[in-house]
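Biologist: I am new to this structure and would like to learn how to read it. Please take me through it feature by feature.

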Amino acid sequence: MNTERNVYIVSDSVGETAELVVKAGLSQFNSEEYKISRIPYVEDEGTINECLQLAKDNNGIIGFTLVNPVLRNYLNKKANELNIEAIDIMGPMIDAMERVFENPPRLEAGLVHKLDEDYFKRVEAIEFAVKYDDGRDPRGIARADIILIGVSRTSKTPLSQYLAHKRLKVANVPIVPEVDPPEELFEVDSKKCIGLRIRPEKLNEIRKERLKALGLGDQATYANLDRIHQELEYFNKIVDRIGCKVIDVSNKAVEETANVILQMYHK
């Protein structure tokens, strides 16, 4: 004897939300076989009628996510007339939110997938920032939305990560007098490049603290003021050659610098 039961998922989008809820419910029943049929992109009453007839013919139930209130009400009314069990998965939640938030819903199908797309773009940008951090692979320069340029301890890495959370692909390039910058830096659009300038005294303080944190003495060349001046002079030559904009980060928090960069980028 065939004990298979039919569940029809009706949606004005792809139907993934409804299917997840249906499967969660079915997980509580293990004595019979269940068949799930997804009917996506439902936009008219005719398609709803076909779905209802399928459920009627096969003794099935319907789980649906329709943001259009006209279609929701139509399906509920017809299902009741035909004595078909139809569960409005999202409607009551939307109605409750509208009452509590006192704000009308957008009533656009598939918005959850737009949110998913936004999430994956953010993840991709974060992975990009890690891969092309500290100039480790100059090939990222051509693919980046923004290239940060600066000497050591000018917050290039935290800035890259912060901007990545805004879905921007950021590469950063350290400037060291003994090392020629990658040629790719001079081949990309200079508008993508942003130099991070810092006052010598401020950088001296930051580097001394960094050395202490590493358990090293603060007399190392890394924190030597003459060396810092040398690095900053070289930095100035590089950004002048590129012709890019420069931000003074001496007294700025990462968030402040990031907001300046975002404004520049969106302009």
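Biologist: How many helices and strands are in the chain?
Modeller: Helices (H or I, at least four residues) and strands (E, at least two) are DSSP runs, numbered from the N terminus. In this chain there are 10 helices and 8 strands. The chain is more spread out than a compact globule, because its radius of gyration is 29 Å, well over the 18 Å that the globule rule gives for 267 residues. That radius is taken over C-alpha atoms, and the rule is 2.2 Å times the number of residues to the power 0.38. The C-alpha trace spans about 85 × 40 × 40 Å along its principal axes.

Biologist: Where does the model come from, and what do its numbers cover?
Modeller: This is a predicted model, in which local features need pLDDT of at least 70 and side-chain atom pairs count only at pLDDT 80 or more, while totals for chains, interfaces and linings use all residues. Residues are numbered from 1 along each chain as its sequence is written, and side-chain values use heavy atoms, with hydrogens and water left out.

Biologist: What does "buried" mean, and what share of the residues count as buried?
Modeller: Buried means under 20% relative accessible area, exposed over 50%, and partly exposed in between (1.4 Å probe, protein chains only). Of the 267 residues in this chain, 36% count as buried.

Biologist: Which residues is Ile238 in contact with, leaving aside neighbours within four places in sequence?
Modeller: Contact means heavy atoms within 4.5 Å. On that basis, and with neighbours within four places in sequence set aside, Ile238 is in contact with Ile175, Pro181, Leu185 and Phe186. A C-alpha separation is another way to relate two residues: for Ile238 and Gly150, 88 residues apart along the chain, it is 9.6 Å. For the chain, contacts with a separation of 6 or more can be sorted by sequence distance, and residues 24 or more positions apart account for 73% of them.

Biologist: Is Glu231 buried or exposed?
Modeller: Glu231, also in helix α9, is buried, since its relative accessible area is 6%. Not counting residues up to four places away in sequence, Glu231 touches Val151, Ser152, Ile175, Pro177 and Arg207.

Biologist: With which side chain does the side chain of Glu231 make a polar contact?
Modeller: A polar contact is a pair of N or O atoms within 3.5 Å; within protein, one must be able to donate a hydrogen and the other to accept it, and residues adjacent in sequence count only if both atoms are side-chain atoms. For the side chain of Glu231, the partner is the side chain of Arg227, at 2.9 Å.

Biologist: What about the loops? Where is Gln28 found?
Modeller: Gln28 is in the loop between α1 (16–26) and β2 (34–39). Gln28 is exposed, as its relative accessible area is 63%.

Biologist: Which residue other than glycine has a positive phi?
Modeller: One of them is Asp134, with phi near 60°, in the loop between α5 (111–131) and α6 (140–143). Asp134 counts as partly exposed because its relative accessibility is 43%. Asn83 is not a glycine either, and has a positive phi of about 60°. Asn83 is in the loop between α3 (69–81) and β4 (86–88), and at 70% relative accessibility it counts as exposed.
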